[in-house]
Amino acid sequence: MTDHASGVPVGRVCIVGAGSSGITAAQVLHARGVDFDCFELGSEVGGNWRYDNDNQLSSAYESLHINTSRQLMEYAAYPMPADLPDYPNHRQIAAYFDDFVDHFGFRDRIRFRTEVVKVAPVVSAGSTTPSGYDVTVRPVGGEPETRRYQQVIVANGHHWDPRWPEPGFPGADSFPGLQLHAHHYRTPEPLIGKRVLVLGIGNSACDIAVESSRVAASTDLAMRRGAHIVPKYLLGVPTDRLTDSPIARAPLWVQQTVMGALLRVTQGRVTDYGLPEPDHSVLHAHPTVSQDLLNRLGHGDITVRPNIDRFEGAKVFFTDGSSGEYDVVVYCTGYRVRFPFLDSTVVAAEDNHVALYRRVVDPDHPGLYFLGLIQPLGAIMPLAEAQAHWVADLVTGVGVLPSPGEMRREIAAYDRRLRKRFVASKRHTIEVDFHAYRAEIERERKRSRRRAGR
């Protein structure tokens with residue numbers, strides 16, 4: 001087909017995944033009349049937000065609610081209903097995704113229960129760059145088939161492949177109780193009456209520790225480093241609505257000063273509740289959002305521990321020499337970024353780092369784009385939507401990329417900024433600031449259109 005805005009012939013596009021990033025890519029392409037196929041392993045849209053998704057990849061637990069308010073999480077093209085609460089639960093978010101797809105009328109373009117097995121670049125003789133991609137898909141219970149596409153949008157998410165402690169703790173194999181990753185946690189029943197140890201200080205760790213503290217015989221929360229705990233509400237309104245203001249566009253030190261002051265005034269210091277002093281300033285790490293953790297700590301319902309040192313049977317020793325006996329250990333140790341359908345010679349994700357221009361484009365593989373492969377200080381959906389509009393410009397020829405050399409220089413600059421800006425951790429290899437990154441994508445979109453003479 002031909003894109004009417006540019007007059008450029010456009011080949012059919014393949015979208016991998018129908019989660020929150022995949023469906024916004026589909027919506028944008030559909031609105032522009034671009035042919036596409038979207039392949040989804042599950043039988044419904046929603047990805048990680050579909051509780052007990054039959055693609056077996058969702059990390060949602062029964063009590064899960066969003067950590068960014070609905071006003072900041074919604075797509076610009078389709079605002080969330082005003083009667084939803086400030087922080088909807090996973091079922092309400094999944095229903096919102098269903099409404100989004102049906103409102104724009106592209107559900108029939110999604111091939112459900114179909115796995116993308118392989119995406120292989122097609123390189124013509126005498127060339128070193130791909131002219132397209134052979135995509136092999138396999139319907140559940142069916143036979144593989146291969147189709148050729150000019151462009152591929154990868155939107156398979158990055159919260160589905162659990163990362164266990166690396167290296168594992170000595171003696172962990174001898175632990176007689178239950179060890180599970182947060183990815184596999186669903187309901188608190190396995191914790192009832194048990195001695196529970198939760199490892200981590202991220203959002204899932206806090207949610208699970210709080211939930212455990214209400215049903216377990218005891219709950220300990222262990223961590224390698226301290227963290228700043230951000231409540232969901234400050235001064236009676238969702239916290240991110242306070243920060244979604246001119247303050248959020250101010251220099252980083254101003255943002256840190258204001259947020260630090262608000263946290264101290266409203267809840268004191270985390271050390272007052274027994275948590276270790278963070279080794280970084282506020283906003284120098286992905287925020288840990290919890291309305292309940294500090295209360296449970298203050299009530300003595302959760303005991304803070306340092307990092308695990310080793311296991312000896314049911315006893316766990318910690319790095320400060322203390323120990324405790326446990327029945328259940330829950331590892332909230334994050335996820336690996338992985339693309340099982342892409343050979344490592346095409347795109348590597350070593351230590352969760354992927355070298356992409358503006359976090360989207362692979363300089364060595366024209367036509368291969370990654371949506372939602374970011375960890376924002378804020379909501380991911382509006383950013384994936386902004387990425388989708390930029391990618392649609394590139395797909396239709398309305399926008400043009402800079403040279404591969406210029407893209408590689410930007411990637412190197414981003415990596416340097418990342419090392420200075422955030423705590424060194426596999427958790428922060430794809431971190432971005434919400435407002436700064438959205439502005440970055442908008443600027444890049446304008447530049448790409450100027451390169452195309454638009």
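The dialogue below reads a few features of this predicted model.

Biologist: How is confidence given, and what is the mean pLDDT of the protein?

Modeller: pLDDT is the predictor's confidence in each residue, from 0 to 100, and its mean over the protein is 92, with 94% of the residues reaching 70 or more. In this predicted model, local features need pLDDT of at least 70, side-chain atom pairs count only at pLDDT 80 or more, and totals for chains, interfaces and linings use all residues. Residues are numbered from 1 along each chain as its sequence is written, and side-chain values use heavy atoms, with hydrogens and water left out.

Biologist: Where does pLDDT stay under 50?

Modeller: Where pLDDT is low, the predicted coordinates should not be read in detail. That applies to residues 1-9, where pLDDT stays under 50.

Biologist: What is the strand order in the open sheet of 5 strands?

Modeller: Strands of a sheet pair through backbone hydrogen bonds, either parallel or antiparallel. Here strands are DSSP runs of E, at least two residues long, numbered from the N terminus, and two of them pair if DSSP finds at least two bridges between them. The order is S8-S19-S9-S10-S15, with parallel pairing. Strands S8 (178-181) and S15 (303-305) stand at the edges with a single partner strand each, so one side of each is left without a neighbour in the sheet.

Biologist: How many bridges join S9 and S10?

Modeller: Strand S9 (residues 195-199) pairs with strand S10 (residues 218-222) in the parallel sense over 5 bridges, and one of the residues involved, Val-196, has Thr-219 in S10 as its bridge partner.

Methods:
Helices (H or I, at least four residues) and strands (E, at least two) are DSSP runs, numbered from the N terminus. Contact means heavy atoms within 4.5 Å.
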